[in-house]
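Let's take a quick look at a few residues and see where they sit and what they touch. Have the sequence and the 3D view ready.

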Amino acid sequence: MKEKIIQAISNVYDTEIPVNLWDLGLIYDIKIASNNDVEIVMTLTAPNCPEAENLPYEVKTMGQRVPEIGKVEVTITFD
């Protein structure tokens, strides 16, 4: 299931760089609970990124497109 999530969120691109967020290394962790709810931990290219609201929403939306997935929560970190 993790591979399906990675495949889905690999369709989210940084608007300033023609590379998807997975390949950029901005997705730090994908946690799948026993009920198939998912938490995706990610970062942004910069704290003041102009896409700071849009990119996490896109990641969540793409994750929710995986049929087996329950709820998707995206957490932003700068650690």
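Thr 77 lies in the segment that comes after strand β3 (72-76); helices (H or I, at least four residues) and strands (E, at least two) are DSSP runs, numbered from the N terminus. Keep in mind that this is a predicted model, where local features need pLDDT of at least 70, side-chain atom pairs count only at pLDDT 80 or more, and totals for chains, interfaces and linings use all residues. Residues are numbered from 1 along each chain as its sequence is written, and side-chain values use heavy atoms, with hydrogens and water left out.

**Thr 77**
- Thr 77 counts as buried because its relative accessibility is 17%; buried means under 20% relative accessible area, exposed over 50%, and partly exposed in between (1.4 Å probe, protein chains only).
- Skipping residues up to four places away in sequence, Thr 77 touches Tyr 28, Val 41, Met 42 and Thr 43, where contact means heavy atoms within 4.5 Å.

**Glu 73**
- Glu 73 is part of strand β3.
- With a relative accessible area of 48%, Glu 73 is partly exposed.
- Leaving out neighbours within four places in sequence, Glu 73 contacts Val 38, Glu 39 and Ile 40.
- Glu 73 and Tyr 57 are 16 residues apart along the chain, and their C-alpha atoms are separated by 9.5 Å.

**Val 38**
- You'll find Val 38 in strand β2 (residues 38-42).
- Val 38 has 4% relative accessibility, so it counts as buried.
- Not counting residues up to four places away in sequence, Val 38 touches several residues, among them Ile 5, Ile 30, Val 72 and Glu 73.
- Val 38 and Val 72 sit 34 residues apart in sequence, yet 4.8 Å apart in space, C-alpha to C-alpha.
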